[in-house]
Amino acid sequence: MASTHTPETATIVADVREGEYGAKVAAVEPGGAELIPLDERHGTPVSLFWTWMSPNLEFATVFLGVLSVAAFGQSFPAAVAAIVLGTGLGAFSQAILSARGPQYGVAQMILSRIPFGFRGNALPAGLNSVVAGVGWFAVNSVSGTLALNALFGIPNLLGLVIVVAVQIGVAFMGHNFIHSFERLALPLLAVAFVLATFAIVTKASPGALTGNPEVNAVGAFMLTLGTTFGYAAGWNPYASDYTRYLPKDAVGNVTGRRAGIFAGLGIFVSCTVLEIIGALSVSLTDDPFTNATDAFTSSMPGWIAKLTLLAIVIGAISANAINVYSGAMSFLALGIKIRLGMARAIVALVFGVLGFVVAWDGLKDVHKYEDFLLVIAYWIGPWLAVVFMDQYLRRGHEVSGYLFDRKHNPWAGWASMLVAIAVSVYLFSNQAKYVGPLAEKYAWLGDSAFEAGFLIAGALYFVLFKLQRQERDEVLVLPDTEAATS
């Protein structure tokens, strides 16, 4: 990577996405995870509302509310409080991260290079590529497959093949096609879940959901708080992937802030409403787990139940198109050079196939979902803390050059994240297969690994950042030497 050094500020030449794409929808997005040039920028911030509403209008969101009552043993009012707080925190962090997309024009895991360095960024980018491109893809594919089975009686394996094929197709097309798909899917999803909500609210008995008296109430609250945060914050490592094409403001970052508001609202509204409805639906069934999608719709009138099952399938596709796309972007953010004009599209295809294999196995045990949600928060909390603390510590400095500087390899970011994950999981994890010593001794802590990990990583990075050698400012320029960011 070419660079020019001055005593105060270094200039780094950006990797710029090649090819013509613009606002085309019926075209495969070219390139990989490079900088989006200004003449390719388009779109409006309001599009982020439906981009993040649609992927959460699906059964995985509903099932999280089911877990809060049926698995964690909370009363309905306590579950609502934990859902609102946990989702609100995840949506707020999504808003902050989304706001940087128009300013820098790169994907979220490229932005992660600023605190983690070019090589150290392999830790969060590698984790996200597996969690998004394979893990979340598999979980959502299972819910879509079960809905197809309940709706049409399609065998699970055939249903999985159908769902996965459509998901991969949308992700393969790329950024513009995904935005358009989410916008077109929203009306159907919204109508279906509004009708489903009405059907459940009119029959449910929230007063019957008084909680399990044998469960520690505070611990159950913390458990729901952790899972709902983990679910909402699970989108955080993707945030600027869907705002990097927005036009950059000449002065300030008004477009970015508006994009952040709409992105956060999309996640908060969709997740909060559906999780609360999921919790309420537990009062209408004796077994919410055997075929969870069928159990959720069993109390609805026939046509509403069928429309809801169809919405569950489309919602799974909406979510997984984003998961596969961003999983591919995170993989490319590792810095691996793929000398192909459609590098992103090909990587998305590979991740989709891997996700299919994992989903096939997941059809046998839907209970794996609970543990997966909790594990997500274990790494995202520390990663978020490092990113936010770094943004605070570097305020007022030129940092855009770090996005493509292969010699930028600080150690404070990845060290803080690793230590925070290890300490928080060891002490505070509360899972079926492992309970940390503090979580076991103090039941009221529930599973607070994500909260502890966030606080530990943020504090540790503050100290280590001061200890590591002060880095110079670096500004990013285009290959023709015209400044790319400011």
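How many nonpolar, polar and charged residues are in the lining of the second largest pocket? The lining has 8 nonpolar, 9 polar and 6 charged residues. Here Ala, Val, Leu, Ile, Met, Phe, Trp, Tyr, Cys and Pro count as nonpolar, Asp, Glu, Lys and Arg as charged, and the others, Gly among them, as polar.

This is a predicted model, in which local features need pLDDT of at least 70 and side-chain atom pairs count only at pLDDT 80 or more, while totals for chains, interfaces and linings use all residues. Residues are numbered from 1 along each chain as its sequence is written, and side-chain values use heavy atoms, without hydrogens and water.

**Confidence**

The mean pLDDT (the predictor's confidence in each residue, from 0 to 100) of the chain is 87, and 93% of its residues reach 70 or more.

Where pLDDT is low, the predicted coordinates should not be read in detail.

**Helix packing**

Helices are DSSP runs of H or I with at least four residues, numbered from the N terminus. Helix 9 (residues 175-201) packs against helix 11 (residues 254-281) at an angle of about 35°, with axes 10 Å apart. Axes are lines fitted to C-alpha atoms over the stretch in contact, and angles run from 0 to 180 degrees between N-to-C directions. F193, T197, I200 and V201 of helix 9 make the contact with L274, I277, L280 and S281 of helix 11. By class, this contact has 6 nonpolar, 2 polar and no charged residues.

How values were computed
Helices (H or I, at least four residues) and strands (E, at least two) are DSSP runs, numbered from the N terminus. Contact means heavy atoms within 4.5 Å.
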